[in-house]
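Please read the following note alongside the sequence and the model. It is arranged as numbered points.

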Amino acid sequence: MNAVSKITILGIETSCDDTSVAIVQDGSVLVNLISSQWIHQKYGGVVPEYASRFHLESIVDLYEMALEKAGIEPGELSAVAVTRGPGLLGSLMVGLTFAKSICLSLDIPLIEVNHLQAHAYSLFIEQQPVFPLLCLTVSGGHTQLLHISEDHEIRLIGQTVDDAAGEAFDKTGKLLGLPYPAGPEMDKLAKKGQAVFSFPPAQMPDYQYSFSGLKTAVLYFLQNQLKQDPEFINSNLEDLCASVQKVIIGMLLNKLKKAAIDLKVKSIGIAGGVSANSGLRSELQDLCTKHEWKLYLPSIAYCTDNAGMIAHLGYSKYKRGAFSDLGINALARYPIV
């Protein structure tokens, strides 16, 4: 291991369709670069083969650019933190293989990071939350409720049993003719509309979520309306977006509220790509104000998949000496606990 005066962690994130490289030094993010693959818009969803191929094409350039922007030489790196999972296996393998090659060439440690855990810990990049904390992690592939204790121990208390909240946005958005990913566009249109249409929220036990039924409900509703008026979607697009977004946000926050009250938690956090949704942020802020809960939100830059959160968690693991063997494999499924 290289002897360095500062702990400098290179972070690599390739779990899905965003290639990201970041550098964290002594806990501060120096650079956080993300290259998004817009080709998937053409197909209305992520094509795994394309995703891994574009990771291969962009990761070296991003690595070199990150070093240049941070003013860091390769020999100054203390370790490489990389997403091991969960995610698309081919995409994960690109990042993990690249990370291993850097570790071998520089003789520095490898640090594996759980992608979902990194999302939760993105709350700690720019702030110091008061514990215990209840974190709602919402993204295109995952929806989870996590209880984080003072010693940073994570306990999974609830999650979706089928589609994630992000998938609900994308799938219903596709029915409305919105481009992939539909979430940001739906959020934008919802601001101009009114939630005048009602869609039934899923009734799940405890702190569990289910979003697959929402897509079916929206599909049947649109089919019936379009028989009467072929222009129904175009004429009511903003109101439809507001209505769909309202029921998704309602399902998310009702479970969060129940868990916070049951567990007597006063600190609330939200993470993951969907945490950038302005409607969700606004209603969550109102909920926390009403109940006098402290709300912690990550910056937009740390909401979507990014290597900054990977490197930041890697820095914490480096200080504990939590290094990984270079023989580890990528894990498409990687439970957070």
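The points below treat the sheet, its helices, a helix pair and an aromatic pair.

1. Basis of the note. This is a predicted model, in which local features need pLDDT of at least 70 and side-chain atom pairs count only at pLDDT 80 or more, while totals for chains, interfaces and linings use all residues. Residues are numbered from 1 along each chain as its sequence is written, and side-chain values use heavy atoms, with hydrogens and water left out.

2. The sheet. An open sheet of mixed pairing is formed by 5 strands in the order β3-β2-β1-β4-β5. Helices (DSSP runs of H or I, at least four residues) and strands (runs of E, at least two) are numbered from the N terminus; two strands pair if DSSP finds at least two bridges between them. β3 (28–36) and β5 (110–114) are the edge strands, each with a single partner, so one side of each has no neighbour in the sheet. Neighbouring strands are turned by 20 degrees against each other on average, direction ignored.

3. Strand pairs. β1 (residues 8–13) and β4 (residues 79–85) run parallel and are joined by 4 bridges; Leu 10 stands opposite Val 80 in β4. β2 and β3 run antiparallel, with 8 bridges, and Gln 25 has Ser 28 in β3 as its bridge partner. These two strands, β2 and β3, form a hairpin with 2 residues between them, and Asp 26 in the turn has a positive phi of about 50 degrees.

4. Helices on the sheet. Helix α1 (residues 48–70) lies across β1, β2 (18–25) and β3, at about 25 degrees to β2. Helix α2 (residues 89–106) lies across β1, β4 and β5, at about 160 degrees to β4. Axes are lines fitted to C-alpha atoms, for helices over the stretch in contact (heavy atoms within 4.5 Å), and angles run from 0 to 180 degrees between N-to-C directions.

5. A helix pair. Helix α6 (residues 212–228) packs against helix α7 (residues 232–263) at an angle of about 160 degrees, with axes 12 Å apart. That makes α6 roughly antiparallel to α7 (angles over 145 degrees count as such). Residues in contact include Leu 214 and Phe 221 in α6, and Leu 240 and Met 251 in α7.

6. Aromatic pairs. The whole structure holds 9 aromatic pairs, meaning rings of Phe, Tyr and Trp (its six-membered ring) with centres within 6.5 Å. Tyr 63 and Phe 98 form one that is edge-to-face (planes over 60 degrees apart), at 5.5 Å centre to centre and 80 degrees between the planes. This pair links distant parts of the chain, Tyr 63 in helix α1 and Phe 98 in helix α2, 35 residues apart.

Key. Parallel < 35°, antiparallel > 145°, perpendicular 65-115°, else oblique. Phe/Tyr/Trp six-rings, centres within 6.5 Å; stacked < 30°, edge-to-face > 60°.
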